[in-house]
Amino acid sequence: MRSLIAVSAVLSSAAAPAATLAELASKVEASGWISASYIHSFIDEDLANTRATDIESDSFQLNQAVINLGTPIDQGFGAFVSIMLGEDADRLVNTSYGEGAGDKFGLPEAYITYAEGFWLFRAGRFGTLAGYEVVSDAANPLLSRSLQFPAAEPYYHTGVRATYAVSEAMTVHLGLNNSAFGGFADDTNEQKTVEAGVSFALSDTLTLGIFDYYGVENDIGDVNYFDVVAQLKASDALSFALNLDMYSDDFVDITGLAGYATYNFSDTWAATLRLETLDRDFDEGADVTINAATLALSYTPAQGFRLLLEARVDDADEDIFLDDATTGELTQTQPTIGIKAIYSFGL
């Protein structure tokens, strides 16, 4: 009798119609973008001292080719997964796994969500709350990332996060993640990283976010990321942002401050100015201060397409930039120009 029941169950399962592509598509939202750039450095091509992305000078780069798939939810369970190809998968995504460089394919985010009332829970791998700038080229305001983006901010976290909307003006975030240093996916010890933060919508034009990540690592002791982001919409055309980052471990203290001003000349043209400074204070070794000024012109001739033209100058109080690869000569100043094209869909 049990055999007949088992056979009947298998036949029923085999006979059940599989979900069609249209049925699956009705339950999943898709989005993505493609970005490519060309950078020229007026000194040697090595830009890695201050750059998170767009390292190679005088070379076309496929920065990001991204597909996002997610199930939209108001209440209950959902999921989100993102896949990235390109240079940034190597530099931004895979390094956050703690792996070596070279792989141009990465999985930036993959997590399960659950919403209940004013609560939202995530479990898996998700983006950090820290920072004004983001990994996504489709959402980042400039071509290049800030000084503190690679120096004093994690990119992703692996763990769990709970978000509670206290009111329309206040949201609280609390999480428990793996490695504090770099937000690495793999943990080398039993201690976890505590994620805590609060975001405020102080008015229709002013927002404030305060976030902190604290953990312990085997090799570098106590690790702490502290981040503050304030944004002000002064008018329909003019907006400002300020981002403070403070990082510390047993060997170095890093403080970064970046200010942003964006002016929209029209629906097609906009300009963003970024002024920033970064201090690296080592317990042993030379301390370094780097200042940078960046001006980016944004051209959006059609929906989903954006062209960024950028000029940037980094200036340090020490000779840290490679001026001549043949002689090994260093210099204090690194000027660059670049262009990046971004096409996005479903956003």
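## Salt bridges and a cavity in a predicted model

The side chains of Lys192 and Asp187 meet in a salt bridge, 3.1 Å from N to O; a salt bridge is a side-chain nitrogen of Lys or Arg within 4 Å of a carboxyl oxygen of Asp or Glu. This is a predicted model, in which local features need pLDDT of at least 70 and side-chain atom pairs count only at pLDDT 80 or more, while totals for chains, interfaces and linings use all residues. Residues are numbered from 1 along each chain as its sequence is written, and side-chain values use heavy atoms, with hydrogens and water left out.

**Salt bridges**

- The count of salt bridges comes to 10.
- Lys192 is partly exposed at 35% relative accessible area, and Asp187 is partly exposed at 21% (buried means under 20% relative accessible area, exposed over 50%, partly exposed in between, with a 1.4 Å probe and protein chains only).
- Salt bridges that share partners join Asp54, Asp137, Arg145 and Lys340 into one network.

**Lys340 and its partners**

- Asp54 forms a salt bridge with Lys340, with 3.3 Å between the closest N and O atoms.
- Asp54 lies in the loop between strand 1 (29-41) and strand 2 (60-70) and Lys340 lies in strand 19, so this pair ties together parts that are 286 residues apart in sequence (helices, H or I of at least four residues, and strands, E of at least two, are DSSP runs numbered from the N terminus).
- Asp54 is buried, with a relative accessible area of 0%, and Lys340 is buried at 0% as well.
- Lys340 also forms a salt bridge with Asp137, whose closest N and O atoms are 3.2 Å apart.
- Asp137 lies in the loop between strand 6 (119-127) and helix 4 (148-152), so its pairing with Lys340 in strand 19 ties together parts that are 203 residues apart in sequence.
- Both Lys340 and Asp137 are buried.

**The cavity**

- There is one cavity of 30 Å³ or more (on a 1 Å grid over the protein atoms alone, a cavity is a set of points where a 1.4 Å probe fits but cannot get out, and lining residues have an atom within 4 Å of a point).
- The largest cavity holds about 30 Å³ of space, a volume being the space filled by probe spheres set on the points, which are joined across faces, edges and corners.
- Its lining consists of Ile39, Arg51, Leu143, Glu310, Arg312, Thr336, Ile337 and Gly338.
- Strand 16 (305-316) and strand 19 (333-345) are the elements that give two or more residues to this lining.
- Strand 19 gives the largest share, three residues.
- The lining residues divide into three nonpolar, two polar and three charged (Ala, Val, Leu, Ile, Met, Phe, Trp, Tyr, Cys and Pro count as nonpolar, Asp, Glu, Lys and Arg as charged, and the others, Gly among them, as polar).

Key: 1 Å grid on protein atoms, 1.4 Å probe; cavity = no way out; pocket = protein on both sides within 12 Å on 5 of 7 lines; lining within 4 Å.
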